[in-house]
Amino acid sequence: MKLNQIHFDLAKEQLHQHQSDCLVIGAFEGKLTVSSEKVDQALKGLLSDLVKSGDITGKVGDVLPLVIAEGIGSKRLLIVGLGKEEEFSVDHLRKAVMSATRVAKSSPAKSLSFALLEQCKNKGKSIPILIQAVADVLYQFNAPRKEAVKAQQLTQIHIVDEKGNSEVTKAVAYGQALINGMALTKDLANMPANMMTPTDLGDAALALAKKFPNVKATVLNKAEIKKLGMGAFLAVAQGSAEKPRFIVLEYRHDKAKDEAPIALVGKGVTFDTGGISLKPGAAMDEMKYDMGGAASVLGTFRALAELNLETHVIGLIPATENMPSGEAVKPGDVITSMSGQTIEVLNTDAEGRLILCDALTYATHFKPKAIVDIATLTGAIIIALGHEVSGLFSNNEDLTAKLKASSEKTRDHVWQFPIWKEIYQPMLDSNFADMGNISAGRGAGSITAACFLERFVEEYPWAHLDVAGTAWTSGKEKGSTARPVPLLLDFINSFHS
Ligand code: BES
Ligand code: MN
Ligand code: ZN
């Protein structure tokens, strides 16, 4: 698969000399930024006149495009609003960058430069957000069409920072690796289920390992999965004509040789029909995204590999379809998980937890310092949080604090839910097995799903991210968001500090 490549670099020359097809500078409400003032001088006061006349509003995301004949090195100038100076934040930065990029995208420009950094107090945090904003607008899925859509022509992006120190250089490299990882996640998740089967997902892991020698990938087949005793995973897979795969990724830097790993576990249901507990037909196509957790693990590994971070991470992906058939698991069937605990399958559509529970048991064998699973697990999380915020569930306060800090920094939002044992665990009781796979009542669906998973992590620090609402966007802009790759990468990168 070909990645949509966008290249970022750091330009350290004086702003008016910088040559670009399109230069983006900022304006606050009623006021130019310091960079814009420099350009204003080179243009003999044109911009300050436009502030006075009201053509430059400074409102967040408002863009005034100008074509410039002389005075500065760039052909086009976009003056983008950053809002009120005293209210400036990375959220405003992101919004401004996205609108400017949309305007540049519909122009003939092939290169695009941003001179917005002087406003940012924490460049290490702002630069990846800026880069991510550009990449989110420019990402294009290579859809199979009779006539290929013209490739994105805006591929060269410069971040202009006259002082450009090593922190800035590092942050640009970090942002570049992040969006390369996110592009992989989006490409994998956007593929239709007939072109992204469990076998294809396994091949994608092997291709990643081939491209980056610091990543190892092992793909287990059905016989090998059976040998491990993953009865819950195989119960979901048994109704499908597609063969299941269990993917094991390892990223280990030499300097982290003896470190206990972080284990990332991604739900890899390449298509979720619901099985015998069949889903209704509306928007069922979106269930191709039910491997979004798996895709986020692969994307995070791509970024880790490119950055060569001094860390040790294991990635685990149970990959299968969830189909109804004569061989499918039925409501009421009792199955035995790898942990030995038995499960009464009350609803075959609650399949994510069945494949994850065996992957979590497998994860404990690495004696990890933390386990984080990522899953499009419940529709209920969308009812609770909508499409901007992922659900966070954990048995460990320190791990929770780390994930919340990364979420806050990357603006990849999460909200924590309680998983109080006394209240929620009894809801999984079954008369016919150690537990049911759903709770008897309809309430707290996302929480009882998390409580089910918690039964398989023993005493290891564990967190579960329910990304059913955040992993993709519906409607006209339908597509993978690659969330929570920004959160995961920052979490791994800052685990020690
Ligand atoms: N993959 C779905 C969750 C989902 C639903 C993701 C809608 C995105 C949008 C999951 O496997 C599922 O079907 N969950 C059930 C659980 C229920 C049967 C307890 C659900 O949420 O309805
Ligand atoms: Mn389901
Ligand atoms: Zn599912």
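Modeller: For residues 347-354, an unreviewed UniProt entry lists "domain: Cytosol aminopeptidase". Bear in mind that this is a predicted model.

Colleague: How far apart are the end C-alpha atoms over residues 347-354?

Modeller: Start with the make-up of residues 347-354, which are 38% helix and 0% strand. From end to end, the C-alpha atoms are 11 Å apart.

Colleague: Which residues does UniProt place under "binding site"?

Modeller: The feature comes from an unreviewed entry. UniProt puts it at four positions: K267, D272, D290 and E351.

Colleague: Why do these positions gather at one spot?

Modeller: In sequence they span 85 residues.

Colleague: Which pocket has K267, D272, D290 and E351 in its lining?

Modeller: K267, D272, D290 and E351 from this set are all part of one lining. That lining belongs to the second largest pocket.

Colleague: Which residues coordinate the zinc ion (ligand 3)?

Modeller: The distances run from 2.0 to 2.4 Å. K267 gives its NZ atom, while D272 and D290 use OD and E351 uses OE. In sequence the donor residues follow the spacing K-x4-D-x17-D-x60-E. The residues are K267, D272, D290 and E351.

Colleague: Where do K267 and D290 sit in the chain?

Modeller: The pair links distant parts of the chain, 23 residues apart. K267 is in the loop between β10 (262-266) and β11. D290 is in the loop between β11 and α9 (292-307).

Colleague: What is the arrangement at the site of the zinc ion (ligand 3)?

Modeller: There are six donor atoms. Their angles run from 78 to 174 degrees. The site of the zinc ion (ligand 3) is octahedral.

Colleague: Which residues coordinate the manganese ion (ligand 2)?

Modeller: The distances here are 2.1 to 2.2 Å. D349 contributes both O and OD, D272 contributes OD, and E351 contributes OE. The donor residues are spaced D-x76-D-x1-E in sequence. The residues are D272, D349 and E351.

Colleague: What arrangement do the donor atoms make around the manganese ion (ligand 2)?

Modeller: Six donor atoms surround the manganese ion (ligand 2). They subtend angles of 70 to 166 degrees, which makes the arrangement irregular.

Colleague: How many Å apart are the manganese ion (ligand 2) and the zinc ion (ligand 3)?

Modeller: D272 coordinates both ions. The manganese ion (ligand 2) and the zinc ion (ligand 3) are apart by 3.2 Å.

Colleague: Is D272 buried or exposed?

Modeller: D272 sits in strand β11, residues 268-272. Its relative accessible area is 3%. Buried means under 20%, so D272 is buried.

Colleague: What is the relative accessibility of E351?

Modeller: E351 lies in the loop between β14 (342-344) and α10 (352-364). Setting aside neighbours within four places in sequence, its contacts are V236, K267, V269, D272, D290 and N322. E351 counts as buried, at 0%.

Colleague: Are K267 and D290 buried or exposed?

Modeller: K267 has a relative accessible area of 1%. For D290 the value is 3%. K267 is buried, and D290 is buried.

Colleague: Which strand holds T320?

Modeller: T320 counts as buried, at 0% relative accessibility. Not counting residues up to four places away in sequence, T320 touches several residues, including V236, V269 and I355. T320 is found in residues 312-322, strand β12.

Colleague: Which backbone oxygen does the side chain of S126 reach?

Modeller: S126 is in helix α4, residues 123-138. S126 counts as buried, at 3% relative accessibility. Leaving aside neighbours within four places in sequence, S126 is in contact with V90, L93 and C120. At 2.8 Å, its side chain reaches the backbone oxygen of N122.

Notes: Residues are numbered from 1 along each chain as its sequence is written. Chains are lettered from A and ligands numbered from 1 in the order in which they are written. This is a predicted model: local features need pLDDT of at least 70, side-chain atom pairs count only at pLDDT 80 or more; totals for chains, interfaces and linings use all residues. Side-chain values use heavy atoms; hydrogens and water are left out. UniProt positions are given in the numbering used here, feature names are shortened, and annotations may be inferred rather than shown by experiment. On a 1 Å grid over the protein atoms alone, a cavity is a set of points where a 1.4 Å probe fits but cannot get out, and a pocket is an open set with protein on both sides within 12 Å along at least five of seven lines; lining residues have an atom within 4 Å of a point. Helices (H or I, at least four residues) and strands (E, at least two) are DSSP runs, numbered from the N terminus. Buried means under 20% relative accessible area, exposed over 50%, partly exposed in between (1.4 Å probe, protein chains only). Contact means heavy atoms within 4.5 Å. Donors are N, O and S atoms within 2.8 Å of the metal (3.2 Å for Na, K and Ca); water is not among the atoms, so sites may look incomplete. Four donors count as tetrahedral if all angles lie between 85 and 135 degrees; four count as square planar and six as octahedral if opposite donors are over 155 degrees apart and all others between 65 and 115; anything else is irregular. A polar contact is a pair of N or O atoms within 3.5 Å; within protein, one must be able to donate a hydrogen and the other to accept it, and residues adjacent in sequence count only if both atoms are side-chain atoms.
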